[in-house]
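Subject: Handing over the structure

Dear colleague,

Please find the structure for your first look below, followed by my notes on what was found in it.

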Amino acid sequence: MSNLENITQKIMEDAKKTVAEIDMETGAKTEQIIKTRVDEAIKVKEKILERAKLNAASAKDKIISTAQLKARDEQLTAKQRVMDRVFEKSKEKLKNLSDEDYLGFVEKRLKELNLKDSKEIIAQKGREKLLESKGYKVSTGESVDSGFAILDGKTVINYDFSDLVDFNRLDLEGEIAKILFDGKE
């Protein structure tokens with residue numbers, strides 16, 4: 001039986017050798033698969049991180065841009081409020097001109113119009129007697145809040161200070177902005 005034992009022994013040794021080779025081969029393949037999967041995972045992770053960085057940078061830029069636009073809008077709104085106050089104060093100041101300045105304004109405008117005959121003037125409230133004392137024909141029962149108006153038949157020529165300021169506002173805003181905001185419109 002020694003032959004049988006030798007054959008059995010040989011089969012056992014061969015089987016152990018084959019198992020060892022299979023274990024080695026399986027271990028190598030397993031390591032290769034794991035290494036491949038780890039490499040793929042690292043690449044996926046890097047792509048995700050890169051995408052996240054790009055998204056974060058884009059979000060940051062968007063937030064900064066939005067904040068800058070909001071700040072600019074608030075600054076423009078504040079400047080517009082200042083401009084509105086300037087024009088309102090100008091209207092108030094014109095409304096309260098001295099009698100001498102008011103009369104000078106009326107006479108200059110009438111002279112510029114070069115009207116042939118005496119037209120009826122609608123005076124600013126409280127200034128009717130001033131114009132009458134200078135020989136002007138003043139409308140009774142009608143007045144304007146500021147400035148004056150001229151009645152020429154059915155036509156009214158308006159020199160109301162508030163309307164004149166509003167009419168010329170666009171032309172004046174640029175110059176006023178330069179003065180108020182140090183040249184920064």
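Glu5 is exposed, with a relative accessible area of 55%, where exposed means over 50% relative accessible area, buried means under 20%, and partly exposed lies in between, using a 1.4 Å probe and protein chains only. Glu5 belongs to helix 1, which runs over residues 2–95; helices (H or I, at least four residues) and strands (E, at least two) are DSSP runs, numbered from the N terminus. Between Glu5 and Lys43 there are 56 Å in space, C-alpha to C-alpha, for a separation of 38 residues in sequence.

Before going further, please keep in mind that this is a predicted model, in which local features need pLDDT of at least 70 and side-chain atom pairs count only at pLDDT 80 or more, while totals for chains, interfaces and linings use all residues. Residues are numbered from 1 along each chain as its sequence is written, and side-chain values use heavy atoms, with hydrogens and water left out.

Taken as a whole, the protein has four helices and three strands, and from the N terminus on these elements follow the order α-α-β-α-β-β-α. Its C-alpha trace spans about 155 × 35 × 25 Å along the principal axes. The radius of gyration of the protein is 47 Å, whereas a compact globule of 185 residues would have one near 16 Å; this radius is taken over C-alpha atoms, and the globule rule is 2.2 Å times the number of residues to the power 0.38. Of the 185 residues, 19% count as buried.

Leaving aside residues up to four places away in sequence, Val106 touches Ile121, Leu131 and Phe148, where a contact means heavy atoms within 4.5 Å.

Met83, which is found in helix 1, is buried, with a relative accessible area of 5%. Not counting residues up to four places away in sequence, Met83 touches Arg169, Glu173, Ile176, Ala177, Leu180 and Phe181. Met83 and Ile176 are 93 residues apart in sequence, but their C-alpha atoms are 7.9 Å apart in space.

Asp84 is also found in helix 1, and at 32% relative accessibility Asp84 counts as partly exposed. From Asp84 to Glu173 there are 89 residues in sequence and 9.9 Å in space, C-alpha to C-alpha.
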